[in-house]
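Trainee: Could you walk me through this one slowly? I'm still new to reading models.

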Amino acid sequence: HPNYAVIGHPIAHSRSPHIHTRFAALTGITLNYEAIEAPVGAFAATLRTLRLQGLKGCNVTLPFKPEALSLAELSSDRAQRAGAANTLGWSDQGRLWADNTDGAGLCRDLTERAGFPVAGRRLLILGAGGAVAGCLAPLLALRPAHVTLCNRSPEKLRPLLDRHQDLGVPLAVLPWGECPVHGFDGVLNGTSAALGGSAFSLPQGLWAKGAWALDMVYGPAAAAFLQAARDQGASTRDGLGMLVEQAALSFERWHGVRPDTNPVFNELRQIVP
Ligand code: ATR
């Protein structure tokens, strides 16, 4: 039985077992990390069974992240603001705790690895689903000048706004199709449009000179958005670094050791174009 796992539905294509197994090898930690598919509606039961079999911690992915948060006795502020957890573990007293490392992973990749500036910059975020909710509070902690949120379904923006309005960064919302035609210093794509096979067009002038673009998905799914950004002169990055960094932060929470993400990122880059 695994002592660490990622639980989702579907889960077959998860890169997490590979990443955590490599981190373990690099840090000299012994673990057995597996991908576990839970039936929809049976996340809690699956978690209980795995725990009885010796599970010490797990990552959680779609569609179980909100439920993972709700099951926990203890949860971090960033998980509460995200309304979702991607990392679970048990305290010494056996209490289930929940955290969300997605946003911190994104921020670490953006600032430390990509070298894209956020502090004092004007950001645009496309999307208002789980991916964006998971990242917003950590992004705001980097003190951008202001953040504009834009989503196809405008009703999703208000709750997101309400949960983050107290963080001291001005937030604005724009309905889809009314993306302003003035320059942003950074644009994050948190939509799943390309995963569903439908790209959207972006207005000219969206990026300011010297600006950057980041897509939260990686590989071919990020290609259309990042090409549009390059056409407007922006520097680009896909979500592979974010994937590796959020995994490293989960690893650190469980094992108390910070793995070197460079070799693992470089290996994955060979596989994911
Ligand atoms: P995730 O957890 O990956 O964020 P999600 O919660 O289903 O998944 O959110 C998907 C996001 O991509 C949403 O912001 C969605 O817009 P809606 O709120 O209008 O559904 C956005 N999205 C998906 N397909 C899209 C498309 N073809 N054009 C624009 N936005 C799209």
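**Domains and a helix**

Mentor: The domain assignment, which is automatic or taken from a database, divides the chain into domain 1 (4-100 + 241-271) and domain 2 (103-238). This is a predicted model, where local features need pLDDT of at least 70, side-chain atom pairs count only at pLDDT 80 or more, and totals for chains, interfaces and linings use all residues. Residues are numbered from 1 along each chain as its sequence is written.

Trainee: How many residues of domain 1 are in contact with domain 2?

Mentor: 13 residues of domain 1 are in contact with 18 residues of domain 2, where contact means C-beta atoms, placed from the backbone, within 7 Å.

Trainee: And which elements give two or more residues to that side of domain 1?

Mentor: They are helix H4 (77-82) and helix H9 (240-255), and H9 gives the most, with six residues. Helices here are DSSP runs of H or I with at least four residues, strands are runs of E with at least two, and both are numbered from the N terminus.

Trainee: Switching to H2, which of its residues are buried?

Mentor: In helix H2 (residues 43-52), the buried ones are Phe43, Leu47 and Leu50, buried meaning 20 or more other C-beta atoms within 10 Å of the residue's own, exposed 12 or fewer, and partly exposed in between, with C-beta atoms placed from the backbone.

Trainee: Why are they on the same side of H2?

Mentor: Because they cover an arc of only 65° around the axis, taken from the directions from the helix axis to the C-beta atoms. The face turned away from that buried side carries the exposed residues Ala45 and Leu52.

Terms used
Two residues are in contact if their C-beta atoms, placed from the backbone, lie within 7 Å.
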